[in-house]
Structure formats: C-alpha cells, structure tokens
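Trainee: I would like to learn how to read the features of a model. Could we go through them in turn?

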Amino acid sequence: MLLQSHGDAIAFLPALPKAWPNGEVRGMRTRGGYEVVMIWGEGRLKEAILTAMQSGACRIRSSYDLIIREEGSQEGLRLEASVKGRAWNVSGGRRYFISPV
C-alpha cells in the first residue's frame, strides 16, 4: 500500500487507502538496498528520503514528475513521470530527498 519495490523499480504510495490521506512512515526497506522515509498529504507524496546502502542505479516509478536532491546539494535532478521508471546513479551511504514538482 505504501511502498512497492518490484523488479528494479521503487514506487511510492502505489495503493494508498483513501482513509489515510495524510501520514508519515520511517524505516521502510526496499529491494536493492534502500531505506525510505515518506511523508504524504492529501493523498499525494510530499517528500521521500531515500538512503542508499550501496552505489548503483536507482529506478523510481511515478505518475508525476519528481525532483531529486542529494544531501548537501542545492541542485536537483528532475525525473519525468514514467510507469516503467526513471533511473539515476546513487552513492552508497548518501541520502536523497525526493519531492513532486
């Protein structure tokens, strides 16, 4: 309901119940070695913090465009919405702040 890690892609809030329009969850784990914190409101992702346990490509599926900012950086990478997912390279031990555009 809150997080899907299927194949090589991560999806935030893929089946959020209408009864939970607002919330927060911490410490969820995904395939590929990521720890996730998510905050949502009005049934939509507000921010996710993804901690990479290892370096490599990370793929996210989203129905809307996202901005990804690495911890300590002011610049962000824009990922366009994609059912198949869009990937970017992560560094192990780093945190990535993800929010909708």
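Trainee: In which sense do E1 and E2 pair, and over how many bridges?

Mentor: First, the ground rules: this is a predicted model, in which local features need pLDDT of at least 70 and side-chain atom pairs count only at pLDDT 80 or more, while totals for chains, interfaces and linings use all residues. Residues are numbered from 1 along each chain as its sequence is written, and side-chain values use heavy atoms, with hydrogens and water left out.

Mentor: Now the general idea: strands of a sheet pair through backbone hydrogen bonds, either parallel or antiparallel. Strands (E, at least two residues) are DSSP runs, numbered from the N terminus, and two of them pair if DSSP finds at least two bridges between them. Here E1 and E2 are antiparallel, with four bridges.

Trainee: What is the order of the strands in the open sheet?

Mentor: The order is E1-E2-E6-E9, four strands with mixed pairing. Strand E1 (3-6) and E9 are the edges, each pairing on one side only. From one strand to the next the twist averages 30 degrees, taken between lines fitted to C-alpha atoms, with angles from 0 to 180 degrees between N-to-C directions.

Trainee: How do E2 and E6 run, and how many bridges join them?

Mentor: E2 and E6 run parallel and are joined by three bridges. Ile10 stands opposite Ile60 of E6. E6 also pairs with E9, in the antiparallel sense, over six bridges. There, Gly56 has Val90 in E9 as its bridge partner.

Trainee: Is Ser5 buried or exposed?

Mentor: Buried means under 20% relative accessible area, exposed over 50%, and partly exposed in between (1.4 Å probe, protein chains only). Ser5 belongs to strand E1, and it counts as buried because its relative accessibility is 18%. A polar atom of the Ser5 side chain lies 2.8 Å from the backbone nitrogen of Arg31.

Trainee: Why does Leu79 count as buried?

Mentor: Leu79 counts as buried because its relative accessibility is 8%. Leu79 sits in strand E8 (residues 77-79).

Trainee: What volume does the largest pocket have?

Mentor: On a 1 Å grid over the protein atoms alone, a pocket is an open set of points with protein on both sides within 12 Å along at least five of seven lines, whereas in a cavity a 1.4 Å probe fits but cannot get out; lining residues have an atom within 4 Å of a point. Grid points are joined across faces, edges and corners, and a volume is the space filled by probe spheres set on the points. The largest pocket has about 280 Å³. Its lining has 16 residues, and Phe12, Leu13, Pro14, Ser63 and Tyr64 are the closest to its centre. E6 gives the largest share of this lining, three residues.

Trainee: Which classes do the residues of that lining divide into?

Mentor: Ala, Val, Leu, Ile, Met, Phe, Trp, Tyr, Cys and Pro count as nonpolar, Asp, Glu, Lys and Arg as charged, and the others, Gly among them, as polar. The pocket lining has ten nonpolar, four polar and two charged residues.

Trainee: What lines the largest cavity?

Mentor: Its lining includes Ile60, Tyr64, Leu79 and Arg86. The volume of the largest cavity is about 40 Å³. E6 gives the most to this lining as well, with three residues.

Terms used. Polar contact = N/O pair within 3.5 Å; in protein donor to acceptor, adjacent residues only side chain to side chain.
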